[in-house]
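Visitor: Please walk me through this structure, starting with the words I will need.

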There are 4 protein chains.
Amino acid sequence: MRATILRGPRDVAVEEVPDPVLPGPAGIIVTVERTAICGSDLHLYHDAPTGIGIHLGHEAIGTVAEAGSEVHSVKVGDRVLVSGVIGCGTCGPCLAGQPNVCLQGKSAAFGTIPDLPGGQAEAMAVPFADTFALPIPEGVADEEAVLLTDILPTGYVGAVRADIKPGATVVVVGLGPVGFMALQCAALFGPSRIFAIDMVPERLARAAAFGAEPIDARDAPGSAQVLEKTKGRGAESVIEAVGADATVLDAISCAATGGTVSVVGVNLAMALPFPMALVFLKSLTLRAVFAPVPGTWSALVPLVQAGRFSLAETFTHRMGLGDAAEAYELFDSRRDGVLKVLLDPKG
Amino acid sequence: MRATILRGPRDVAVEEVPDPVLPGPAGIIVTVERTAICGSDLHLYHDAPTGIGIHLGHEAIGTVAEAGSEVHSVKVGDRVLVSGVIGCGTCGPCLAGQPNVCLQGKSAAFGTIPDLPGGQAEAMAVPFADTFALPIPEGVADEEAVLLTDILPTGYVGAVRADIKPGATVVVVGLGPVGFMALQCAALFGPSRIFAIDMVPERLARAAAFGAEPIDARDAPGSAQVLEKTKGRGAESVIEAVGADATVLDAISCAATGGTVSVVGVNLAMALPFPMALVFLKSLTLRAVFAPVPGTWSALVPLVQAGRFSLAETFTHRMGLGDAAEAYELFDSRRDGVLKVLLDPKG
Amino acid sequence: MRATILRGPRDVAVEEVPDPVLPGPAGIIVTVERTAICGSDLHLYHDAPTGIGIHLGHEAIGTVAEAGSEVHSVKVGDRVLVSGVIGCGTCGPCLAGQPNVCLQGKSAAFGTIPDLPGGQAEAMAVPFADTFALPIPEGVADEEAVLLTDILPTGYVGAVRADIKPGATVVVVGLGPVGFMALQCAALFGPSRIFAIDMVPERLARAAAFGAEPIDARDAPGSAQVLEKTKGRGAESVIEAVGADATVLDAISCAATGGTVSVVGVNLAMALPFPMALVFLKSLTLRAVFAPVPGTWSALVPLVQAGRFSLAETFTHRMGLGDAAEAYELFDSRRDGVLKVLLDPKG
Amino acid sequence: MRATILRGPRDVAVEEVPDPVLPGPAGIIVTVERTAICGSDLHLYHDAPTGIGIHLGHEAIGTVAEAGSEVHSVKVGDRVLVSGVIGCGTCGPCLAGQPNVCLQGKSAAFGTIPDLPGGQAEAMAVPFADTFALPIPEGVADEEAVLLTDILPTGYVGAVRADIKPGATVVVVGLGPVGFMALQCAALFGPSRIFAIDMVPERLARAAAFGAEPIDARDAPGSAQVLEKTKGRGAESVIEAVGADATVLDAISCAATGGTVSVVGVNLAMALPFPMALVFLKSLTLRAVFAPVPGTWSALVPLVQAGRFSLAETFTHRMGLGDAAEAYELFDSRRDGVLKVLLDPKG
């Protein structure tokens, strides 16, 4: 089959690779029908030496082509969405849908390590399918299903972990795909105001259309503008959805005393210059999270079914899998109004 | 009257100063009867240039000598304990006992800024006494009352904010006075194991006597020993009670995936080299807090009254106010088994 | 001045009474400008013998005519809204805005006991004004301010106490004024579906316009319809906003296993025939609440200011205070599409 | 094999029955080694017509004699404890250890319905063993393991659902086996006082030895004594562990304003005369629960291993399975200081 392979810095290619094999009696093989590129894929794309040869991709939906004897919740022919994050599949947290805190330490995303080939391919192997795959629910469109494999859950958990109270002021730092999901999920918790910070006009406009107050960080640091608009108080809840050191620090500066900063942007710094003094003097809480995808589905699926989100505009570009190299380059460039790119393995 | 003044690096002196005056109709004057030196006083003691001339001290109890016309909860002659931390006194959080998140931004500790003379003195002025002073409750000994002005509340809030669940494994990093309070407060939440890390044998022995498992950080980094004793998993809840950069980092290394690190040690770094990668990969929560003292009294007073804490050994040294210079030097040295020093303004 | 007096069963009258006097140095006198009739007033209206002679009303706004020496947050000439529920004014819960759990046991609503004359009058006395009165915030219309004195807080607390999780199914039983507030507040917590049960077509239509799924209880018991629409599962969160025995029981029947039933309708039964078996077998939580009005303002005021509620249609009838008898009769009848009646003391 | 059968009112017998068969590929057969009689078994014992012919018992431990092909967490020869409560075994709540809120509505206790033969027998069939059986952990004694099958989890969940805050006053109504577990679990949450109500002197003495304040309900109603000892305020958290109508009502009377009443006694009334007026005026929360046994093990096992409970005195009588009729009669009588009876299937 064909799969998207990381060959070097900013160099991906679609190559022929062996077909996946069933990962044990609790696993399935999925014929991928739609797959997407995630902002976190760009970490590998930019920093390839750590991952040359990896089969990329952790956002995919498709049809079950083969199922192990111990799989009960799905069967061959079912259309499923696959959790981007998995774990050992048998410990308490995994069974409860939180593979990010797997007790066996086996938490991982597809397409980020050699042992777990990814979903930007014609097919993929999914272990412990009862836990990590979900039949696409009635009333959920295919593109919505792709969003349920990672970024909608990530944005949701980011919002949950931001401790948003009714009437609160919220800031979302970064309006890329995850930030746009986080923005919509923040609204589930009844805030009175949501400030949305970015530098890309289309992204600010999209947030404004959703009811947020846009802040253009090209004019002045986002935190400075938030503090001005809140009379120096800041926001009780801040969601950081970029992952750069500068945006993490700006998010902390946005926070009001007693507030919470929830980081969902992937930041892998080991020595970020961190203002403990502010965290102490403002009595802050700071969190990051590797998203517990399956654990969010019981909340998110009925919300998607009820039309509570505006997901239709998330995918700005749809391309064939064969164009993956171009798709990565486009997504990385942020040009042409790109927000998120969907790939079709048939193309 | 006499008060303890910061004159320079490692230089404090007891000097004659003007008597305090009533801080408005909601305030009181307290004749101080017992006052203590706090670990956080050592920040000023070590780094005097930021505070030369300050009247030190934020832990004091005594008798009301004068009361403004709008004070209702205490009257002249009442014996009271005074919150070490105050705020505007009128906003919602202040009235709810959380001056650390004062909406007017007036959160401060006595004896740390020129405008708020401290309690290591013969008398002190306390604004908004209905909120920030408490009649010493029946069944609370004087030395226990001193502990209720700051460090028991600080340890308690540190434990609250560590999200300790029944059956959890807890680590307390640092067994100074605040750490010893945090250790006891952690036990309120039903953990199965508490690891207690320090380098001072007496402090480790005190923790062991309380039922904790002592870890001597002179042997190996505390986190390394915690990970070994927990089969690599770490602790769900970690309380850092030192405030050094190294101990904050070690506390983060102690945390299990999904865990919480609650920092109560005062760390005023603006660029601590912070491992965001670990926080992300382990889905951690990190908190610090400037203690909301009055808000803790409704929980802590009945616990003290019921004898649920072992507080008797906290004060290892009792001296006269006139010996404040010597007391600071002793406390800073950690020699002679000193844990905490109590001062008597009559001495 | 003129005040609305309960004279007997279904018999109220506007009579001349002595002007109110300042209730101590922390109190104020308010010249009432708008006041409303609450569903809970009908308990007295129907069951007068327990309250003959009471000056009715606990929902009022107006201008401060006189202020005691210890009042700081408002001054003569300020326009204020008054909490319908008050307490001792000095205990911790009262200061934190929760007079419903006053430690002195002095929790009470204006206009329900002889000692606390109500607001359906030309003026009213408000003790502890710093706690129980609020300057009408910028951006809050007068009629919105009236709703903030009781029913919007009551509906809000009812929703808070229903433990609504994102994606949940919610039922609101009863779409009177409080139910309509509860419905809107339930939406703050991100449910996927809200079922709204009533028997009055206009009320069902209003709920449907707000996005809820109307259930007409004239067709079949509300719970039977809810169970049918949820495939037998029921709703995780149920808010009862009527107070009749039958509706409390129906609310319990609506609840899914593990769910919560939050009762905000006033039910004063001492022997309601209660299905403990269902509560046990379904592992339910049941709550009622006497609303902690001031404690809700920090959440609700910014939401009102941000236009997050649809409050404009709440008052269907506006009358003069002199027409109070007619207003009570109309409100009690539920005819003419009446939802809530506003009274103007100048009329 | 031999099993305990309900033959009629107060009539049980040990009879020969067919051996159990493997309940599907995810199930196991357990050779029972210890089994206990639970207070809830007495509901059937007293009211046999609803359950004649049932194989009784839901508290059992033993050795795996046979395991289906899909069982991974235990194998033949392992010693296991069995959850007294099970569900469908595959829905989200079941996998998360909460079969009491099984989405398929299959929540049930062994030995209470014909389809689920119980554990007071020489062997029993356990479906979905990965979820509902647990290898007896190192450091857990056999009798402790039996307590982990039902009553320690039930007492624990009762305490969790009582919303106990540090420093709170707690009441436990009823000091039978479940009440004694609830008492110990309440202590995990840091209360300052625990009042323990019963009428049996040995039970009161046992509670007092544990640190609780005993209240003898033969002297006066328990709630009257609690109110007197708390100056009229009552207790913030009340756990009812009897299940009689009178004790549920007394528990509600014990509760302070804003408090929570957590019912763990099995009460199957459909028309308990319920004081909604008190629930409303005191802003109470009332809960009952069908215990989510497996979900409690991650908290309780490490606590048992750490010796945090006093479990040794729970079983006052140990008898052979062949003496089951006598054992039921003894347990029901409450004579001879009986608290709980353990049965050995070899006897």
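Guide: Buried area is the accessible area, found with a 1.4 Å probe, that two parts lose on being put together, summed over both. This is a predicted model, in which local features need pLDDT of at least 70 and side-chain atom pairs count only at pLDDT 80 or more, while totals for chains, interfaces and linings use all residues. Residues are numbered from 1 along each chain as its sequence is written, chains are lettered from A and ligands numbered from 1 in written order, and side-chain values use heavy atoms, without hydrogens and water.

Visitor: How much area do chain B and chain A bury between them?

Guide: Contact means heavy atoms within 4.5 Å. By that rule, 32 residues of chain B touch 32 residues of chain A. Carbon and sulfur atoms carry 65% of the buried area, and the total between the two chains is about 3,000 Å².

Visitor: Which element gives the most to the side of chain B that touches chain A?

Guide: Helices (H or I, at least four residues) and strands (E, at least two) are DSSP runs, numbered from the N terminus. Strand S14 (255-263), strand S15 (272-274), helix H10 (276-281) and strand S16 (285-288) of chain B each supply at least two residues of that side. The top contributor, with 5 residues, is H10(B).

Visitor: How many salt bridges does the rule find across the interface of chain B and chain A?

Guide: A salt bridge needs a side-chain nitrogen of Lys or Arg within 4 Å of a carboxyl oxygen of Asp or Glu. Across the interface of chain B and chain A, the number found is 0.

Visitor: In S15(B), which residue is the bridge partner of A:Phe274?

Guide: Two strands pair if DSSP finds at least two bridges between them. Strand S15 (residues 272-274) of chain A and S15(B) pair in the antiparallel sense over 3 bridges. The partner of A:Phe274 in S15(B) is B:Leu272.

Visitor: In S12(A), which residue is the bridge partner of A:Asp198?

Guide: Strand S11 (residues 193-198) of chain A runs parallel to S12(A), joined to it by 4 bridges. The bridge partner of A:Asp198 is A:Asp216.
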